Protein chains: 2
Amino acid sequence: MTTAKMSLGAFLMSSGHHLAAWRHPRAWAGGGLDFQHFKKLATTAERGKFDAIFFADNLALMGSPELGQFTTAGDVFDPLVLLSGLAAVTERIGLVSTVSTSYNEPYLLARKFASLDHLSGGRSGWNLVTSATDLEALNFGRDKHFEHGDRYQRAEEFIDVVTGLWDSFEDDAFIRDKSSGVFFQPDKLHVLNHHGENYRVRGPLNIPRTPQGYPVLIQAGSSEPGKALAARTAEVVFTAQQTLSNAQAFYADVKGRLAGYGRRPEQLKVMPGISPVIGRTQSEAEDKYQQLQDLVEPRVGLAMLAGMAGGFDLSEYDLDGPLPELPQSNSMQSRQALFIDLARRENLTIRQLYLKVAGARGHHTVIGTPKTIADTLEEWFVGQAADGFNIMPPFLPEGLDDFVDGVVPLLQQRGLFRTEYSGSTLRDHLGLQRPGNRYQR
Amino acid sequence: MTTAKMSLGAFLMSSGHHLAAWRHPRAWAGGGLDFQHFKKLATTAERGKFDAIFFADNLALMGSPELGQFTTAGDVFDPLVLLSGLAAVTERIGLVSTVSTSYNEPYLLARKFASLDHLSGGRSGWNLVTSATDLEALNFGRDKHFEHGDRYQRAEEFIDVVTGLWDSFEDDAFIRDKSSGVFFQPDKLHVLNHHGENYRVRGPLNIPRTPQGYPVLIQAGSSEPGKALAARTAEVVFTAQQTLSNAQAFYADVKGRLAGYGRRPEQLKVMPGISPVIGRTQSEAEDKYQQLQDLVEPRVGLAMLAGMAGGFDLSEYDLDGPLPELPQSNSMQSRQALFIDLARRENLTIRQLYLKVAGARGHHTVIGTPKTIADTLEEWFVGQAADGFNIMPPFLPEGLDDFVDGVVPLLQQRGLFRTEYSGSTLRDHLGLQRPGNRYQR
């Protein structure tokens, strides 16, 4: 059988993705900084033959202290530190870390991902984001975050520097020949000498080319500049889509842009986030979801909406009235558009809106039996809405176990998902080619 | 018995510290990027009850490509990535990473070390350096490295920002109370609001205070500004000292400065580097050393001296003539002074000088049986030249095995070194107090 297989990422987050996850009686509230918790989750995902585990990132304590106190936002590892630890205790699964281009140095970032790729035997992936808030800017000597267009323009240059640095050495440069004393062949070393608008970086990187050539490049912005960046450079797009038809439109849009950059559709995988709430019966799943929803306090729901609206404060408005007109945000523009669209389409009050997105911050929540979840994934996959999914368990560790034990076997029975890893790198799992070195003859 | 015990670090480096280590028949030339190699070394050091493993760092390919091709300089992990991996496969040993203040953001560095401290259960240490070369500056948008005084002034402010961020949350801020929904107590959160000459960082850090309060602060510069920074802030000083009397003078100097900052002598540990070349007999050890020395080619020896002289090119001079007068360097000033002093004192030719420092780049090399090595360590420790040592095996993995199997048991028999770990954190091992939070009542 050579039926195309879907890809699956496990998007892991402290106690889980639901806004009230940590308060669930069976969730591990201290999970955010418990390495053994993440080791267990990574092992579970690997048992489920997932392509990768995936971590988000923020460079500030998100939300005001008044509201942050009710969330797990202050309880997170630097994801590259965590994934480096997890690399040592896993064998096959990919390791994807979000890192912002706005407040990192390209030389340091290129080196860290190259190191993780070497350490893990070619299992690393970089989810490029540009950061979203002034809270982050204030931690890096700025009063305001870069404007949306500016930061994507910087990201475009940043990624060119990083990939250039990853090509510093040709693949076969290092011969380590004890008798001649030649460690690497100097004609296979290339100095980048990048002089751009935002960055000046000489190179070379002080590490050999990595097992994957480049760590897998992932992009999570769905705005216009985000899609343009993805079409030119990304190999995976992680996106939030609420409906099949929206997801299909997004899929066609992004895939359709690739030819303009000389790329083929299969060179970019579209992976929407899906948050599955799983029960043995439909009513058990719905009860589980309702139990989580009942734990969302209004102030926390409002804080989440404010965060997604770039800080716009909704607390003056009637919770049971309609969403007011919002100013265009400099923050996550595509996410803001998504939830405004959702509120209008379903005619939601403010309270209904925050409860609707509390499950996974705007990602699609599916509630039901393993069969219901598998049916949805199949429908989206077959319907050209997705090449795979980033699975966002509502609370942990149970939510991942439910998926691996219940949904994965169904997907495997239907021939939609691997029953064993066939390769050793994240590129192998995703069916992505290893990029050649730009300098190699 | 309550005799004071010495501390031991294992300073690990690809194939070993000798300039020609990787060419030795029993050295692992591919060690630099082999995680299993480092896992084995870390496990060996832990079996030997070392306080910590220790890694250096550079933010460029050091040396010209013409000369770098003969060294392992291009074959190194980012040390924080490597140590995060090693944290996952070790239990007790401390994990020390060098990171430069000159080309990192304090917020990112504070968060990465805090993450490693949480991940490892309180075993992290930060060896603060300020970087040394223009090669590094060129990778970060600068033409020239910061002047020596400037970069120490920046480091002074940097460390204040980082420790301030580590105090963002009081130790008991996170209560994670499911019933009330309060995750952390907001009155135990403190916003730094640092506005200094070089850095503006608001905070708070988005991670709880760490098991050690602060990761252990280590400083490796021995220049005047380096010693001043150490006396104010460092808990361990790593230093290169060629003779007992020089080491004693350095020890007295640094310890004597502490009172000026309201600190006691035992709050700062002085740990010179020592490179032991170990044989079952004196002549076996000397043969082993000579075998390494014979593998040093003149161009590589000259390149090392040039690196230590801030790029000053000695290749025009007679290899068998005296060291010329050298201009004051902006690079590692204390290291330059050390090797000029060595050449003058022992009346060395250029060739003799580079061979003399090829073993460990200016650190003291001791050649002999385990008893000879143990005698030297005891003499320095008892003679108030050192509180412990950073052991720099000439080649790996053999050099570390030799030390752990041969020297450690002798030190233990003499009551100079622990036979078992008594605590769980690096601070416990080193006998350093856990710092209180500046905001805590």
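**Loops, domains and a helix pair**

Visitor: Between which two elements of chain A lies the loop in which A:Pro397 is found?

Guide: The structure is a predicted model, in which local features need pLDDT of at least 70 and side-chain atom pairs count only at pLDDT 80 or more, while totals for chains, interfaces and linings use all residues, and side-chain values use heavy atoms, without hydrogens and water. Residues are numbered from 1 along each chain as its sequence is written, with chains lettered from A and ligands numbered from 1 in the order in which they are written. Helices (H or I, at least four residues) and strands (E, at least two) are DSSP runs, numbered from the N terminus. The loop that holds A:Pro397 lies between β13 (388-391) and α14 (398-413) of chain A.

Visitor: Is the peptide bond that joins A:Leu396 and A:Pro397 cis or trans?

Guide: The omega angle of the bond between A:Leu396 and A:Pro397 is about 5°. The peptide bond joining these two residues is cis.

Visitor: What is the phi of A:Asn193?

Guide: A:Asn193 is found in the loop of chain A between β6 (182-184) and β7 (194-195). Although A:Asn193 is not a glycine, its phi is positive, at about 50°.

Visitor: How far apart are the C-alpha centres of domain 1 and domain 2 of chain A?

Guide: Chain A is divided into domain 1 (7-277 + 365-430) and domain 2 (297-357), with bounds from an automatic or database domain assignment. In contact (heavy atoms within 4.5 Å) are 18 residues of domain 1 of chain A and 16 residues of domain 2 of chain A. The C-alpha centres of these two domains lie apart by 27 Å.

Visitor: How are helix α10 (residues 298-308) and helix α12 (residues 350-357) of chain B placed, at what crossing angle?

Guide: Their axes, which are lines fitted to C-alpha atoms over the stretch in contact, with angles from 0 to 180 degrees between N-to-C directions, come within 9 Å and cross at roughly 80°. Angles under 35 degrees count as roughly parallel, over 145 as roughly antiparallel, 65 to 115 as roughly perpendicular and the rest as oblique. The crossing angle of roughly 80° therefore makes α10(B) and α12(B) roughly perpendicular.

Visitor: Which residues of α12(B) make the contact with α10(B)?

Guide: From α10(B), the contact is made by B:Pro298, B:Gly301, B:Leu302, B:Met304 and B:Leu305. The residues from α12(B) are B:Ile350, B:Arg351, B:Leu353, B:Tyr354 and B:Val357.
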